[in-house]
Amino acid sequence: MKTPLEAESPRPTSPPGVASGPLLHSGKSLRGLMLQVLLALLPVCGAALWRYGPRAAASLALAVAVAWVADLLCDRRHAFDLSAPVTGIITALLLPATAPL
């Protein structure tokens, strides 16, 4: 039986034994947050381009293109929320400069 407090709760409850984290909404959209992440990645991309040159540029471009195509194929609703370029850039930066394209 539910307590009066639980009956009035507009939020869905978690299964027994599973606690949800304390989440606060900042009012920002997902696209806005991804834009901030992209801006934060710009210095790292610049350093990779300066250090490794066109090889890094090709790796970044290919990884972003593949991530975007995969996002379009798998989830068309969120294909333009900038999460695909973030994923592609992070993936490209994790690869060694000698990775085959």
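Guide: Leu82 is located in the loop between H3 and H4; helices are DSSP runs of H or I with at least four residues, strands are runs of E with at least two, and both are numbered from the N terminus. This is a predicted model, in which local features need pLDDT of at least 70 and side-chain atom pairs count only at pLDDT 80 or more, while totals for chains, interfaces and linings use all residues. Residues are numbered from 1 along each chain as its sequence is written, and side-chain values use heavy atoms, with hydrogens and water left out.

Visitor: Is Leu82 buried or exposed?

Guide: Buried means under 20% relative accessible area, exposed means over 50%, and partly exposed lies in between (1.4 Å probe, protein chains only). With a relative accessible area of 14%, Leu82 is therefore buried. Its phi is near 70°, a positive value in a residue other than glycine.

Visitor: Which residues make up the largest nonpolar core?

Guide: A nonpolar core is a set of buried Ala, Val, Leu, Ile, Met, Phe, Trp, Tyr and Cys residues joined through side-chain atoms within 4.5 Å. Here the largest has eleven residues: Met34, Leu38, Leu41, Cys45, Leu60, Ala63, Val64, Leu82, Val86, Ile89 and Ala92. Two or more residues come from each of H2, helix H3 (54–74) and helix H4 (83–94), and H2 gives the largest share, four residues.

Visitor: What does Val86 touch, apart from residues up to four places away in sequence?

Guide: Contact means heavy atoms within 4.5 Å. With those neighbours not counted, Val86 touches Met34, Val37, Leu38 and Leu41.

Visitor: Where does Ser59 lie, and with which residues is Ser59 in contact beyond its neighbours within four places in sequence?

Guide: Ser59 belongs to helix H3 and is buried, at a relative accessible area of 15%. Its contacts beyond those neighbours are Ala92, Leu95 and Leu101.

Visitor: How many aromatic pairs are there?

Guide: A pair of aromatic rings is described by the distance of the centres and the angle of the planes. Rings of Phe, Tyr and Trp (its six-membered ring) pair if their centres lie within 6.5 Å; planes under 30 degrees apart count as stacked, over 60 as edge-to-face and the rest as tilted. The count by this rule is one. The centres of the Trp68 and Phe80 rings are 6.4 Å apart and the planes are at 55°, so this pair is tilted. It links distant parts of the chain, twelve residues apart: Trp68 in helix H3 and Phe80 in the loop between H3 and H4. Trp68 is partly exposed at 28% relative accessible area, whereas Phe80, at 52%, counts as exposed.
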